[in-house]
Amino acid sequence: MEQLAAASNNRRFALDCYRRFLQMFGDVVLGMDKDVYENIIKEVKDKKGIDNDALLRTDDLQSIVSQFKSLVTIPDDPWIQLEMAIEAIFKSWNSPRARKYRDIHNINDDMGTAVVLQSMVYGNMNSISGSGVVFTRNPSTGDKEMYGEYLWLAEGEDVVSGMRTPVKLDFLQLKQPTVYDTLVHSLNILESHFKDTQDVEFTVENGILYILQTRTAKRSAPAAVNMAVSMVQEKLITEREAILRLDPKQMDALLHPMVTSKALL
């Protein structure tokens, strides 16, 4: 942590990275209750009268780190930490949640899982850093429009966990137009390459965009039909590919009466 603080000349950033490591390692690897960590953070924020992690100061994070370290002992050797983390991921394949997911989606238990090691980029580095998720098309309607969210001074976990409220991508366009334009260009390349709607995670570190991962996006039944038809019209896929891409279960859902999205409930 001290080396990162010295290299970045930003002690707050280094402390924030360290508290994230302690929290995630304790949760994922050691099986600690994540609420224990969140309660400590909440208590510090309540004392300061703030409701956003990004507003925590250096001394606040130092206090949080000290309390986190008192909860459980984590080896200092990074190689031991790495081995423990890899083992935890492999073990997660047989967790009740993972087994249930495979049952629902008809995934074979014998496939196994994998671990990917990669260098970090930091969306929590400074005020021109952040993380977000974006679909290349609207997953609810299928319309050809970017659909996503972004968080300033945050890592990807902050976006997907729901602990902080993200903003629309319009704010990224307003604050960092060059980054936004690069993101749009990257999304166009990814969708053209994979020939399907993509669900993309990205990070901006010190004003530079990094695409972390992309995968085929999940979508509603109406969106699936809309996307398939649009992509045929755009000559991105053939009619045969469009038909084979549609899930029979989703098509069955379309045959039943539905409440219109414009209805007042």
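Predicted model: local features only at pLDDT ≥ 70, side-chain atom pairs only at ≥ 80, totals over all residues.
1. Overall make-up. The protein contains 12 helices and 5 strands, and its C-alpha trace spans about 60 × 45 × 40 Å along the principal axes. Of the 265 residues, 33% count as buried. Among contacts between residues at least 6 apart in sequence, 55% join residues that are at least 24 apart.

2. Helices α2 and α4. Helix α2, which covers residues 11–29, packs with helix α4, residues 58–71, at an angle of about 25 degrees, and the two axes are 9 Å apart. Angles under 35 degrees count as roughly parallel, and α2 and α4 are therefore described as roughly parallel to each other. The crossing in which α2 passes α4 is left-handed.

3. Residues between α2 and α4. On the α2 side the contact is made by Arg11, Arg12, Leu15, Asp16, Tyr18, Arg19, Leu22 and Gln23, which meet Thr58, Leu61, Gln62, Ile64, Val65, Phe68 and Lys69 of α4. Sorted by class, this contact of α2 with α4 has 7 nonpolar, 3 polar and 5 charged residues.

4. Helices α2 and α3. The axes of α2 and α3 are 9 Å apart, and the packing angle is about 155 degrees. Since angles over 145 degrees count as roughly antiparallel, α2 and α3 are therefore placed in that class, roughly antiparallel to each other.

5. Residues between α2 and α3. From α2, the residues Arg19, Leu22, Gln23, Gly26 and Asp27 meet Lys34, Tyr37, Glu38 and Ile41 in α3. By class, the contact of α2 with α3 has 3 nonpolar, 2 polar and 4 charged residues. Arg19, Leu22 and Gln23 are listed in the contact with α3 and also in the contact with α4.

6. The largest nonpolar core. This core has 14 residues, and those with the most contacts inside it are Leu22, Ile41, Leu56, Leu61, Ile64 and Phe68. Helices α2, α3 (34–48) and α4 each supply at least two residues of the core. As general background, nonpolar side chains in soluble globular proteins tend to be buried together.

7. Phe68 and its partners. When neighbours within four places in sequence are left aside, Phe68 is in contact with Arg19, Leu22, Gln23, Tyr37, Ile40 and Ile41. Of these partners, Leu22 and Ile41 are also listed among the core residues with the most contacts inside the core.

Definitions and conventions: Residues numbered from 1 in each chain as written. Heavy atoms only, no water. Axes fitted to C-alpha atoms, helices over the stretch in contact; angles between N-to-C directions. Helix = DSSP H or I, 4+ residues; strand = E, 2+ residues; numbered from the N terminus. Parallel < 35°, antiparallel > 145°, perpendicular 65-115°, else oblique. Left-handed = near helix turned anticlockwise from the far one by under 90°. Contact = heavy atoms within 4.5 Å. Nonpolar A, V, L, I, M, F, W, Y, C, P; charged D, E, K, R; others polar. Core = buried A, V, L, I, M, F, W, Y, C linked by side-chain atoms within 4.5 Å. Buried < 20%, exposed > 50% of the residue type's maximum accessible area, 1.4 Å probe, protein only.
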